[in-house]
Amino acid sequence: QVQLVESGGGLVPPGGSLRLSCATSRSSIFRDYTMGWYRQAPGKQRELVARITSSSITTYADSVKGRFTISSDHARSTVYLQMNSLKPEDTAVYYCNSAPSPLGSWGQGTQVTVSS
C-alpha cells in the first residue's frame with residue numbers, strides 16, 4: 001500500500017505561484033511508478049495535468065504547458081508541482097497518483113484557489 005499526502009495549496013492572486021508537494025510512503029516509488037498530478041475543478045472531471053517517469057521524462061497537458069513544472073526528489077520520496085502564472089481556471093483540488101493509471105486509493109488532495 002502506498003500513501004500519498006498532498007500539501008502546499010492555498011489562495012493566490014492571478015499571476016501568482018504555488019509549489020505543491022506529494023509525499024509518498026515508499027522510497028522506491030519513482031522506480032515503480034510514473035507519477036502524476038491531477039486536478040478536479042467544480043463541475044468537471046478529474047484531469048491529468050503533469051507526469052514524470054522513473055527516467056525523469058516529463059509531460060504536460062496543453063492547459064498548463066509552459067507554466068507548470070513537475071519534479072521529484074528521490075531522497076525525500078516526494079513529487080513536486082511548481083505552478084507559475086496561475087489563472088482563475090487553475091482553481092481545483094490537486095491530487096498526486098500514478099499516471100496514467102491511478103492506484104486504487106487517493107489522498108485528500110490540496111485546494112488551489114486563484115482569485116483576486
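What radius of gyration would a compact globule with 116 residues have, and what does the protein chain have? A compact globule would have a value near 13 Å, and the protein chain has 13 Å, which agrees. The radius is taken over C-alpha atoms, and the globule rule is 2.2 Å times the number of residues to the power 0.38. The model is predicted: local features need pLDDT of at least 70, side-chain atom pairs count only at pLDDT 80 or more, and totals for chains, interfaces and linings use all residues. Residues are numbered from 1 along each chain as its sequence is written, and side-chain values use heavy atoms, with hydrogens and water left out.

The C-alpha trace spans about 40 × 25 × 20 Å along its principal axes. Helices (H or I, at least four residues) and strands (E, at least two) are DSSP runs, numbered from the N terminus. Of the 116 residues, 41% are buried. Buried means under 20% relative accessible area, exposed over 50%, and partly exposed in between, with a 1.4 Å probe and protein chains only. The protein chain exposes about 6000 Å², and carbon and sulfur atoms supply 46% of that area. Accessible areas come from the Shrake-Rupley method with a 1.4 Å probe; for residues, only the protein chains shown count as cover. Contact means heavy atoms within 4.5 Å. Among contacts between residues at least 6 apart in sequence, 54% join residues at least 24 apart.

The aromatic rings come next. The structure holds two aromatic pairs. Rings of Phe, Tyr and Trp (its six-membered ring) pair if their centres lie within 6.5 Å; planes under 30 degrees apart count as stacked, over 60 as edge-to-face and the rest as tilted. Tyr-38 and Trp-106 form an edge-to-face pair, at 5.0 Å centre to centre and 80° between the planes. Tyr-38 lies in strand E4 (residues 35-40), and Trp-106 in the loop between strand E9 (92-98) and strand E10 (110-114), so this pair ties together parts that are 68 residues apart in sequence. Tyr-38 is buried, at 6% relative accessibility. Trp-106 is partly exposed, at 29%. Tyr-95 and Trp-106 have ring centres 5.8 Å apart and planes at 80°, so they too are edge-to-face. Tyr-95 lies in strand E9 and Trp-106 in the loop between E9 and E10, so the parts tied together here are 11 residues apart in sequence. Tyr-95 is buried, with 12% relative accessibility.

A charge sits over a ring if NZ of Lys or CZ of Arg is within 6 Å of the ring centre and within 35 degrees of the ring normal. The charged end of Arg-46 sits over the ring of Trp-106, 3.9 Å from its centre. The charged end of Arg-19 sits over the ring of Tyr-80, at 4.0 Å from the ring centre.

Two serines in strands were examined. Ser-98 belongs to strand E9. Its relative accessible area is 7%, so Ser-98 is buried. Neighbours within four places in sequence aside, Ser-98 is in contact with Tyr-33, Thr-34, Met-35, Tyr-38 and Leu-103. Its side chain also reaches the backbone oxygen of Ser-101 at 3.1 Å. A polar contact is a pair of N or O atoms within 3.5 Å; within protein, one must be able to donate a hydrogen and the other to accept it, and residues adjacent in sequence count only if both atoms are side-chain atoms. Ser-72 is in strand E7 (residues 68-73). It is partly exposed, at 24% relative accessibility. Leaving aside neighbours within four places in sequence, Ser-72 touches Phe-30, Ile-52, Thr-78 and Val-79. Its C-alpha atom is separated by 16 Å from that of Val-2, 70 residues apart along the chain.

Several backbone features fall in loops. The peptide bond from Ala-99 to Pro-100 is cis, with omega near 0°. Pro-100 lies in the loop between E9 and E10. Ser-77 is not a glycine, yet has a positive phi of about 50°. Ser-77 sits in the loop between E7 and strand E8 (78-83), and is buried at 8% relative accessible area. Ser-85 has a positive phi near 50° and is likewise a residue other than glycine. Ser-85 lies in the loop between E8 and E9, and is partly exposed at 42% relative accessibility.
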